[in-house]
Amino acid sequence: MKSGSAEAEPDAHGKARLPTLALGALGVVFGDIGTSPLYALKESFVGHHPLTVDNVHIYGVLSLIFWTMMLVVTVKYVFIVMRADNDGEGGSMALLALISRTLGETRWTPAIAMLGVLATALFYGDAIITPAISVLSAVEGLTVVQSSLGRFVLPIAIMILIGLFLIQRFGTEKVGTLFGPIMAIYFIVLAVLGVTNIVGHPEILGIINPLWAVRFFALDPQLAFLALGSVVLAVTGAEALYADMGHFGRKAISIAWLYAALPCLMLNYMGQGALLIDNPAAASNPFFLMAPEWARLPLVILATLATIIASQAVISGAFSVTRQAVQLGFLPRLRILHTSASTVGQIYVPFVNWTLLVLVIALVLGFRSSSNLAAAYGIAVTGTMVLTACMLGILTFKVWRWPPLLAGGVTGLFLLIDGAYFASNVTKIPDGGWFPLLVAAVAFVLLTTWSTGRKIMRRYLHLGAMDLDLFVKSTATSVNRVPGTAIFLSSSAEGVPPSLLHNVKHNKILHERVVILTVVTEAVPHLAPEDRIEAIDLGAGSYRVRLRHGFMEDVDIPAALSGFDRAGGPINSFDTSYFLSRQTLIASSRPGMAIWREKLFAWMVQNAESPMEFFKLPSNRVVELGSQVEI
């Protein structure tokens, strides 16, 4: 298969399963964008930059929403970006790996890496706000049912969020089977609510004419520009189409969007617009006021379920992105637990889960309403969209090699659109937009500090490393041998690992068979079994082995080596010992990073998950040998 090409698409998701996958995509992929009608139009009219509720503004805002969905979600993501699959996987990290693998080492490699890292950092900022604003906006529907219920909104929202994060450790495999049907019902309700209101004002269908958006800008350019910051809330979650491509496949997601999500969303927005024409005061909460009074409480319950599902999708996405970042060398080893025996993608990362919970609850308590949170929402999303447009430019020019005029035109169009939305959201920074930027800045520092620190540490270890051939020759007859196999884990594919040198220096022995094992993460999601292991015979019972894996795969060293016999015969677990190096880092004034970043890196190394647990090594067969390294 030709990875990353515009023509290639993995056949991992069979045609027979396409309807099931499309239903699943409706439940997981479109949860975030599907709940945007709860707040997007409301914030456009009664948010921080309120608009007059009249025909020009109603038609203008709805026209902007329609064309944003068509250009940004449908054209950019569904028709173009989703064709950039990395062996079926999508998302910022997968796209970065695809571009890096295709282009190799060039002078642009560091800048391209920064784009991917920035997009990942902004994703974490978005992942904190999405659960907070989604659940709050749904529970606030209680005030439409009865205004006296307003005092219960915050406690109920917080209890729902705490419960959501508490159940993560049990996995969502069983509950996840309900996501698709619930969201299918939710989207049908969106469409029905929209149609019942459109019937009274069928002329609202005219918002598909882009001239309404042009008239809006002509009438009041400044307010129209500021309104973009609220309009873009209608397409938050667009990045999920690309990020979740590995779970459902491009065809299933495209079908679910074009034939279900998009029509239902637009019918609902048009219905809200029709309601505002009749009743401008309904701008305070048009989504719930569209429903007849008897249906509002059931609608609150259904909307709350939909926002829980949307939040679940974002949390699962955060776990997946974190695992990719760990495997690609941008984060230290973290504890990653599998919550399903049958589904590889079902994982749970405790550190990420509890960090998200604390920050989400802090957001709810600090901002207290979805309207206040809307001021913080959008800047991380639009920032990611701009960065994706930049990487799309690299794809079209360098990877897909489109004609320069076409590549430049497409890239320029999306940079203009995404840049306009980002610029409008920059005005939100004083009102709350600083929060996701702060989170993204912290994430960016952690990602880059770990990546840079690893390179520096490896460089210094390599400078002091002994030549492997020389070591093998010098120890072939001068060091006593004991029965069994010793596997020395090495982060470098060259030189003698520190654990092997310290073993000879202090214990004065070597095992009959010595295996120097390096685990290598490739820039593809998955590798075929026959491509995973390669071995070099160094002589004197010594072997260098490279164990390769994809960035979406976990590494189980004993399982990977169980059937391997090209390093002096089979490796039996009962007579094999694993030797690990544990470095204590000391910050110094040597060239590299700033002292505070060196101390941060040392702290990250100290608190990283043990290689023994990360690589699933048997605890009774592991020996750790420590040393100090100045960086």
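Colleague: Which residues form a nonpolar patch on the surface, and what is their accessible area together?

Modeller: This is a predicted model. The nonpolar surface patch is made up of Ile-162, Leu-166, Ile-167, Phe-170 and Trp-354. Together they have an accessible area of about 470 Å².

Colleague: Is Ile-167 buried, partly exposed or exposed?

Modeller: Ile-167 sits in the loop between helix H8 (153–166) and helix H9 (173–198). Buried means under 20% relative accessible area and exposed means over 50%. Because the relative accessible area of Ile-167 is 39%, this residue counts as partly exposed.

Colleague: How many residues of strand S6 (residues 542–550) are buried?

Modeller: Strand S4 (residues 509–522) pairs with S6 in the parallel sense, over nine bridges. Strand S5 (residues 533–539) is joined to S6 by six bridges, and these two run antiparallel. S6 is mostly covered, and of its nine residues the number buried is eight.

Colleague: Which residue in S6 is the bridge partner of Thr-521?

Modeller: S4 and S6 pair in the parallel sense. The partner of Thr-521 in S6 is His-549.

Colleague: Which residue in S6 does Ile-536 stand opposite?

Modeller: S5 and S6 are antiparallel, and they form a hairpin with two residues between them. In S6, the residue opposite Ile-536 is Arg-544.

Colleague: What is the phi of Ala-540 in the turn?

Modeller: Most residues other than glycine have a negative phi. Ala-540 lies in the turn of the hairpin formed by S5 and S6, and its phi is positive, at about 55°.

Colleague: Is Arg-401 buried or exposed?

Modeller: Arg-401 is in the loop between helix H19 (379–399) and H20. Its phi is positive, near 55°, in a residue other than glycine. Since its relative accessibility is 63%, Arg-401 counts as exposed.

Colleague: What is the relative accessible area of Lys-616?

Modeller: Lys-616 is found in the loop between helix H26 (611–614) and strand S8 (622–630). Its phi is a positive value near 60°, in a residue other than glycine. Lys-616 is partly exposed, and its relative accessible area is 36%.

Colleague: What distance separates the C-alpha atoms of Pro-430 and Ala-376?

Modeller: Pro-430 lies in the loop between helix H20 (404–426) and helix H21 (434–463). Pro-430 is exposed because its relative accessible area is 65%. Pro-430 and Ala-376 are 54 residues apart along the chain, and their C-alpha atoms are separated by 9.0 Å.

Notes. Residues are numbered from 1 along each chain as its sequence is written. This is a predicted model: local features need pLDDT of at least 70, side-chain atom pairs count only at pLDDT 80 or more; totals for chains, interfaces and linings use all residues. Side-chain values use heavy atoms; hydrogens and water are left out. Patches are made of residues with over 30% relative accessible area and no salt bridge: like charges are joined within 9 Å, nonpolar side chains (Val, Leu, Ile, Met, Phe, Trp, Tyr) within 5 Å. Accessible areas come from the Shrake-Rupley method with a 1.4 Å probe; for residues, only the protein chains shown count as cover. A salt bridge is a side-chain nitrogen of Lys or Arg within 4 Å of a carboxyl oxygen of Asp or Glu. Helices (H or I, at least four residues) and strands (E, at least two) are DSSP runs, numbered from the N terminus. Buried means under 20% relative accessible area, exposed over 50%, partly exposed in between (1.4 Å probe, protein chains only). Two strands pair if DSSP finds at least two bridges between them.
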